[in-house]
Amino acid sequence: SEDVLKSLYQELVDPETRHDLGEYYTPDWLAHRMIRGLLEDNPRGKLLDPSCGSGTFLYLAVGEKRERLGDTRETLEHILDSVVGVDIHPLAVTVAKTNYILALGDLLGKQRGKISIPIYLADTIRLPERWAETPMADYEVQIDDQTIYLPQALLESPELYDQAIEAAKEFAVQSVDRQPAGEQFANYLRVQHPDLLEADVPVQKLFVISKALGNLIESKRDTIWAFVLKNIYKPLFLKGNFDFVVGNPPW
């Protein structure tokens, strides 16, 4: 009935680091009171915690929705679509996802196929910005010392975007210490990811992203940056989709 991983997270992360990140944890009783108040008149309300920490608000929201809506597959699908969190700290995201799964409990037995836990590693204050003031301009983001441009066409679908970034990373890994050409990348997509071509992804722009990821891999900066790229745009996709914003700050 409570966020049992909160104390573990606080023990694992240095207090000075938590202070610098503005992390302060809400008592479970207070978070529960807030969630109950929000869902009282709108139990199907969609809820976002943009700085979710260990996931206290999300954990309690899942529990409240299960209690009010019942344990059905429809409830599972509703929760995964309506209880969403974001945090800037990778460990917090991992702990929050674990809490979310614990809150779902045996409701997970209702699933069909794979599910994705809707908690993302991103900065909800500093969003990616368009590099030009036009509706279809690309978004400019910095990862390590690389500037990457995310094509607007990819941001229409989170599933398509995630698959495209994964394909770019796979090609980068296979091409370490080589100088692949754009045509080789296009051939790779035809063989390994034909559905991306069917969706008219901007192949040349995706190839540039793959080359940037390859540069990071070759400079021993590992492959975590594909994960960062998959998450960094998520706040853009979340805009305008929620009835409630909760969290700390600012309770």
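In this talk, a residue is called buried when its relative accessible area is under 20%, exposed when over 50%, and partly exposed in between, using a 1.4 Å probe and protein chains only. Phe185, at 0% relative accessibility, therefore counts as buried, and Phe171, at 6%, counts as buried too.

Before I go on, a word on the basis. This is a predicted model, in which local features need pLDDT of at least 70 and side-chain atom pairs count only at pLDDT 80 or more, whereas totals for chains, interfaces and linings use all residues. Residues are numbered from 1 along each chain as its sequence is written, and side-chain values use heavy atoms, leaving out hydrogens and water.

Let me turn to the aromatic residues. Rings of Phe, Tyr and Trp (its six-membered ring) pair if their centres lie within 6.5 Å; planes under 30 degrees apart count as stacked, over 60 as edge-to-face and the rest as tilted. The structure holds five such pairs. In one of them, the centres of Phe171 and Phe185 are 5.1 Å apart and the planes stand at 75 degrees, so this pair is edge-to-face. Phe171 belongs to helix α7 (residues 158–174) and Phe185 to helix α8 (residues 182–192), so the pair ties together parts 14 residues apart in sequence. Helices here are DSSP runs of H or I with at least four residues, strands are runs of E with at least two, and both are numbered from the N terminus.

Phe171 also pairs with Tyr188, in a tilted arrangement with 5.3 Å centre to centre and 50 degrees between the planes. Tyr188 is buried, as is Phe171. Phe171, Phe185, Tyr188 and Phe207 form one aromatic cluster.

Which helix packs with α8 at an angle of about 105 degrees? That is helix α10 (residues 203–218), with the two axes 10 Å apart. Axes are lines fitted to C-alpha atoms, for helices over the stretch in contact, and angles run from 0 to 180 degrees between N-to-C directions. α8 is therefore roughly perpendicular to α10, a term for angles of 65 to 115 degrees. The contact (heavy atoms within 4.5 Å) involves Gly182, Phe185, Ala186 and Leu189 of α8, and Val203, Leu206, Phe207 and Ser210 of α10.

Finally, the sheet. Four strands form an open sheet in the order β3-β2-β1-β7, with parallel pairing; two strands pair if DSSP finds at least two bridges between them. β3 (119–121) and β7 (244–245) are the edge strands, each pairing on one side only.

Technical notes: Angles under 35 degrees count as roughly parallel, over 145 as roughly antiparallel, 65 to 115 as roughly perpendicular and the rest as oblique.
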